[in-house]
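Subject: Structure for your review

Dear colleague,

Please find below the structure that I am handing over to you. My notes on it come after it.

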Amino acid sequence: MNPEFVIPIIIFCGALIYATFGFGDALFAMPFLSMLLGMKTATPLMTLNGFTLAFILFIKHRKEIDWNSAKKLVIASFFGIPIGIYFLKNGNEQIIKIILGCIISSVSIYNLFIKRDNKQVNLHPKMVYLFGFIAGILGGAFNTAGPPIVVFGTLNGWTQMQFVSTLQGYFLPSDIFILICQFTSGLLNKTVFQYYIIGFPFLIVGLVAGTQLRKRIPNEKFNNYVFMLLLVIGILFIVRSILNT
């Protein structure tokens, strides 16, 4: 199948999820894009897409951001991003894909079967830096920085608006730093920009549609459907990657 036809559809679905929940575009899109384009093209492409979405939602929801948490998460992630970039550029791609599948499956299992409510947990204040550091590694290697931040926000009992807005306060500067690292590493190239331009109109349409969904669909119900799909994708991704090694 022609990638130029399939990729915009994947980008649309990713943007739809992102606009609805404030994250999750890469968790959905990376398995498909990496199979079509390879990790070294899919990762910077999704970073560009994520930056675009984060910038728009940041402008819209900046007043609701928990700046104290966002600042600490960003600072810690800056130390993890170069490690992730190095792993992406020099690591074994099949192993990276297996790890990505495990991340997707773990996040899905957590949200479907472990998380029961938004009750706040009294985390040690320094734990925010650990979550940010891990998010930086995952963001640099797979453009999937969201899971550690999502877990951190859930444990701290963020409201829906705090969740969506504070994620953008983290993603925007983090994505800028990741893009700089990807550019200097040679990962952000002409091919990536070509796919970005092709998918851009679908990204905007998905953003608009997802914003409307967030207003009309109960968050927890739609969230469960998304994570059920992601769990299936994650398992299939692991199996396929293992069979191809």
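Predicted model: local features only at pLDDT ≥ 70, side-chain atom pairs only at ≥ 80, totals over all residues.

Residues are numbered from 1 along each chain as its sequence is written, and side-chain values use heavy atoms, with hydrogens and water left out.

Cavity

The structure holds 1 cavity of 30 Å³ or more. A cavity here is a set of points on a 1 Å grid over the protein atoms alone where a 1.4 Å probe fits but cannot get out, and its lining residues have an atom within 4 Å of a point. Grid points are joined across faces, edges and corners, and the volume is the space filled by probe spheres set on the points. The largest cavity contains about 170 Å³ of space. Its lining comprises 18 residues, and Asp25, Ala26, Asn143, Ala145 and Phe171 lie nearest the centre. Two or more lining residues come from each of α2 (25-37), α3 (39-61), α7 (146-155) and α8 (160-184); helices are DSSP runs (H or I, at least four residues), numbered from the N terminus. By class, 9 of the lining residues are nonpolar, 7 polar and 2 charged (Ala, Val, Leu, Ile, Met, Phe, Trp, Tyr, Cys and Pro count as nonpolar, Asp, Glu, Lys and Arg as charged, and the others, Gly among them, as polar).

Helix α3

Met46 belongs to helix α3. Met46 counts as buried because its relative accessibility is 2% (buried means under 20% relative accessible area, exposed over 50%, partly exposed in between, with a 1.4 Å probe and protein chains only). Between Met46 and Ile11, which are 35 residues apart in sequence, the C-alpha to C-alpha distance is 8.5 Å.

Helix α4

The 24 residues of α4 (residues 67-90) should span 34 Å at 1.5 Å a residue, which agrees with end C-alpha atoms 34 Å apart; the expected span is 1.5 Å times one less than the number of residues. A kink of about 35 degrees lies at Phe78, shortly before the proline Pro82; the bend is the angle between axes fitted to the seven residues ending at a residue and the seven starting there. Pro82 counts as partly exposed because its relative accessibility is 37%. The buried residues of α4 include Ser77, Gly80 and Ile81.

Helix α6

Among the buried residues of α6 are Phe131, Gly136 and Phe142. Asn143 follows α6 and has a positive phi, near 55 degrees.

Helix α9

The 27 residues of α9 should span 39 Å, and its end C-alpha atoms are 39 Å apart, which agrees. A bend of about 45 degrees occurs in α9 at Gly199, and the proline Pro201 follows within four residues. Gly199 is one of the buried residues of α9. Ile198 is also placed in α9 (residues 190-216), and counts as partly exposed at 32% relative accessibility.

Aromatic rings

There are 8 aromatic pairs, where rings of Phe, Tyr and Trp (its six-membered ring) pair if their centres lie within 6.5 Å. One aromatic cluster is formed by Tyr18, Tyr170 and Phe171.

Key. 1 Å grid on protein atoms, 1.4 Å probe; cavity = no way out; pocket = protein on both sides within 12 Å on 5 of 7 lines; lining within 4 Å. Phe/Tyr/Trp six-rings, centres within 6.5 Å; stacked < 30°, edge-to-face > 60°.
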